[in-house]
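Please open the structure in a viewer and keep the sequence at hand.

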Amino acid sequence: AEILGLIGPNGAGKTTVFDLLSGFTSPDGGRVLMGGVDVTRWSPERRAREGMGRSFQSARLFPALTVRETVAVASDRHLEVRDPLSSVFALPVARDAEQAMWSRVDELLELTGLVAFADSPVSELSTGTRRIVDIACGLAEGPRVLLLDEPATGISMHETERLGPLLRWLRDTTGTALLVVEHELGLVSEVADRLVAIEAGSIVASGPPAEVVAHPRVVASYLGTDRAGETSARSLLGSADPHVGDHP
């Protein structure tokens, strides 16, 4: 499974691409394919059922719920038994399904390093930890591909440094492909196997992170056209290890 990074200046169309892929916006032309299947006319709900997950720039979580309860809500659609009468009368088949769900929730908390926060209300978490909870909720849906919209927005430098290795670990462990829109070049260059840079809705560069970030159009978009800007772009990659994949 690949981690694909999508970069570009503000207004380049990155979030619009996500809206097109996830079905919230209809394309004027072309097709959206998932696993070789044309999903262009599918609703967002159907795309989600078939394996497309998405997070948003602002984590949309229930502040009064605990972390464990929040991930459980995201896992609910995978319950094998949805008969309310079975739940009301606590029939064995319902108990088994619920137990399996809670086991899955605990597995996700362990996987994302959230066990210590399991019983904490979401409202008490830092922005960075809420981002991780949002990612855990996305993984709870069992996606084949997970779209992450600027996961580093609003989080501290320390939290950003932890996020890159975590994303690669999750990809390697779950086999879920990731499409990451991110304005933070250091993070996306570290985590992505391949970058696509867009400007005004058009692709200006695509390929290995080192090549894309050093592309003149990308340097001009992010850092200006002077020599110092080009050096700064290269320094972003100098500290990023493209092979980072260990669990943080």
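The stops below concern helix packing and aromatic rings in this predicted model.

**First stop: H6 and H7**

Select helix H6, residues 127-140, together with helix H7, residues 157-174. Their axes lie 11 Å apart, and the two helices pack at an angle of about 15°. Because angles under 35 degrees count as roughly parallel, H6 is roughly parallel to H7. The crossing of this pair is right-handed.

Now display the side chains at the contact. H6 contributes Gly-128, Thr-129, Ile-132, Ile-135 and Leu-139. Facing them in H7 are Glu-159, Leu-163, Leu-166, Leu-167, Leu-170 and Thr-174. Of the residues in this contact of H6 with H7, seven are nonpolar, three are polar and one is charged.

**Second stop: H3 and H6**

Which residues make the contact between H3 and H6? On H3 they are Val-67, Thr-70, Val-71, Ala-74 and Ser-75; on H6 they are Val-133, Ala-136, Cys-137 and Ala-140. This contact of H3 with H6 comprises seven nonpolar residues, two polar residues and no charged ones.

Select Trp-42 and Arg-46 next. The charged end of Arg-46 sits over the ring of Trp-42, at 3.8 Å from the ring centre.

Finally, how many aromatic pairs does a search of the whole structure find? The search finds zero.

Definitions and conventions: Residues are numbered from 1 along each chain as its sequence is written. This is a predicted model: local features need pLDDT of at least 70, side-chain atom pairs count only at pLDDT 80 or more; totals for chains, interfaces and linings use all residues. Side-chain values use heavy atoms; hydrogens and water are left out. Rings of Phe, Tyr and Trp (its six-membered ring) pair if their centres lie within 6.5 Å; planes under 30 degrees apart count as stacked, over 60 as edge-to-face and the rest as tilted. A charge sits over a ring if NZ of Lys or CZ of Arg is within 6 Å of the ring centre and within 35 degrees of the ring normal. Axes are lines fitted to C-alpha atoms, for helices over the stretch in contact, and angles run from 0 to 180 degrees between N-to-C directions. Helices (H or I, at least four residues) and strands (E, at least two) are DSSP runs, numbered from the N terminus. Angles under 35 degrees count as roughly parallel, over 145 as roughly antiparallel, 65 to 115 as roughly perpendicular and the rest as oblique. A crossing is left-handed if the near helix is turned anticlockwise from the far one by less than a right angle, and right-handed if clockwise. Contact means heavy atoms within 4.5 Å. Ala, Val, Leu, Ile, Met, Phe, Trp, Tyr, Cys and Pro count as nonpolar, Asp, Glu, Lys and Arg as charged, and the others, Gly among them, as polar.
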